[in-house]
Amino acid sequence: MDQGNYSRVAEFVLLGLCSSWKLQYFFFVLFNFLYIAIVLGNLLIVLTVISEPALHTPMYIMLGNLSVLDVFLATYATPKMIHDFIYESKTISFEGCMAQIFLLHVFAGGEMVLLVAMAYDRYVAICKPLHYTTIMNLYKCTGLVVGSWVIGIMHSLSQLAFTINLPFCGPNIVDSYYCDLTLVIKLACTDTYVPELLMLLDSGLMGVTSFLLLLISYTVILITVQHHSSVGRAKARSILTAHITVVTLFFGPCIFIYAWPFSNFPVDKVLSVFSTVFTPILNPIIYTLRNKEVKSAMHKLKTRYVSYRLLSHLSLTRLIC
């Protein structure tokens with residue numbers, strides 16, 4: 001189609017998760033609760049890492065950044081989804097749709113790279129413990145964290161570059177609760193074979209490379225810990241269990257969705273919700289429940305907060321008296 005002879009759609013219609021109003025009211029309450037829990041839980045980890053000097057190490061700095069990414073990953077679409085549960089009109093502007101696509105790939109791409117960086121940190125800590133402080137210094141840790149954001153942004157820009165200029169002249173219905181790039185591309189009024197191929201190669205390269213690096217890292221670590229003492233093996237396996245669980249939760253839905261990228265199955269919506277809502281709420285639970293240092297730091301933070309409140313109350317009482 002001649003791109004000079006079309007009128008671009010001004011908005012897209014999102015069909016959401018379901019059409020039942022009863023279910024939508026239930027989901028409105030459920031996802032409100034989950035979203036608040038995601039924000040509070042992850043911000044608590046960030047605050048704990050910042051406030052506790054003992055956690056100013058590469059491992060916990062990366063964990064804090066993972067929590068920041070999880071908050072953003074849950075925020076790019078969840079508030080809009082919650083809003084749409086109680087409104088009949090579920091539309092999003094063209095600009096808003098492109099913004100959702102951009103933000104999703106920034107945060108998801110950044111999290112992939114950060115998970116690889118965290119695996120590398122654990123590889124150095126377990127396989128080269130005597131050289132850990134030399135290899136994983138603050139400078140390298142900062143570089144890995146900044147690098148994860150830069151790669152996420154570059155990946156997202158490359159996705160958006162061949163999408164934003166496509167001729168969208170109708171239809172404009174997206175069978176999802178957010179602007180899924182694989183579904184939006186198919187709405188273009190032109191042959192989408194090349195954009196679909198570019199999108200698949202871009203996302204596939206990012207996802208497969210990250211997953212293979214993680215697989216190699218954890219395999220080497222698991223082989224290495226076999227030569228450690230029983231106490232060392234138990235501690236290493238405890239840490240690895242948390243990391244591998246998070247990686248599985250994050251990459252599992254992505255692998256399934258992108259195995260059939262341009263087919264729309266009902267389960268895709270469930271997996272998308274899992275990636276953007278349930279994974280960000282499970283990450284802080286997994287890392288805190290299995291980590292004595294984080295739990296201890298949270299207890300100290302709670303103690304300081306209670307002490308501060310008591311002192312404030314006593315000061316206020318004295319002023320009144």
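Which cysteine does a disulfide join to C169? In this predicted model, in which local features need pLDDT of at least 70, side-chain atom pairs count only at pLDDT 80 or more, and totals for chains, interfaces and linings use all residues, the partner is C189, with an S to S distance of 1.9 Å. Residues are numbered from 1 along each chain as its sequence is written, and side-chain values use heavy atoms, with hydrogens and water left out.

A disulfide is taken here as a pair of cysteine sulfur atoms within 2.5 Å. By this rule the count comes to two disulfides. When the bonded cysteines of the protein are numbered in sequence order, the pairing is 1-3, 2-4.

For the bond between C169 and C189, the torsion about the S-S bond is about -135°, so this disulfide is left-handed. C169 is placed in the loop between α6 (138-161) and β3, and C189 in the loop between α7 and α8 (193-225), so the pair ties together parts that are 20 residues apart in sequence. Helices (H or I, at least four residues) and strands (E, at least two) are DSSP runs, numbered from the N terminus. Accessibility is classed as buried under 20% relative accessible area, exposed over 50%, and partly exposed in between (1.4 Å probe, protein chains only). C169 counts as partly exposed at 29% relative accessibility, whereas C189, at 14%, counts as buried.

The other disulfide joins C97 to C179, with an S to S distance of 2.1 Å. Its torsion about the S-S bond is about -125°, so the disulfide of C97 and C179 is left-handed. C97 lies in helix α4 (residues 94-127) and C179 in the loop between β3 (173-174) and α7 (181-185), so the pair ties together parts that are 82 residues apart in sequence. Both C97 and C179 are buried.

C18 counts as buried at 17% relative accessibility, while C127 is partly exposed, with a relative accessible area of 21%.

An unreviewed UniProt entry lists several residue ranges under "transmembrane region", among them 98-120 and 141-162. UniProt positions are given in the numbering used here, feature names are shortened, and annotations may be inferred rather than shown by experiment. In the model, residues 98-120 are 100% helix and 0% strand, with the end C-alpha atoms 33 Å apart. Residues 141-162 are 95% helix and 0% strand, and the end C-alpha atoms of this span lie 33 Å apart.
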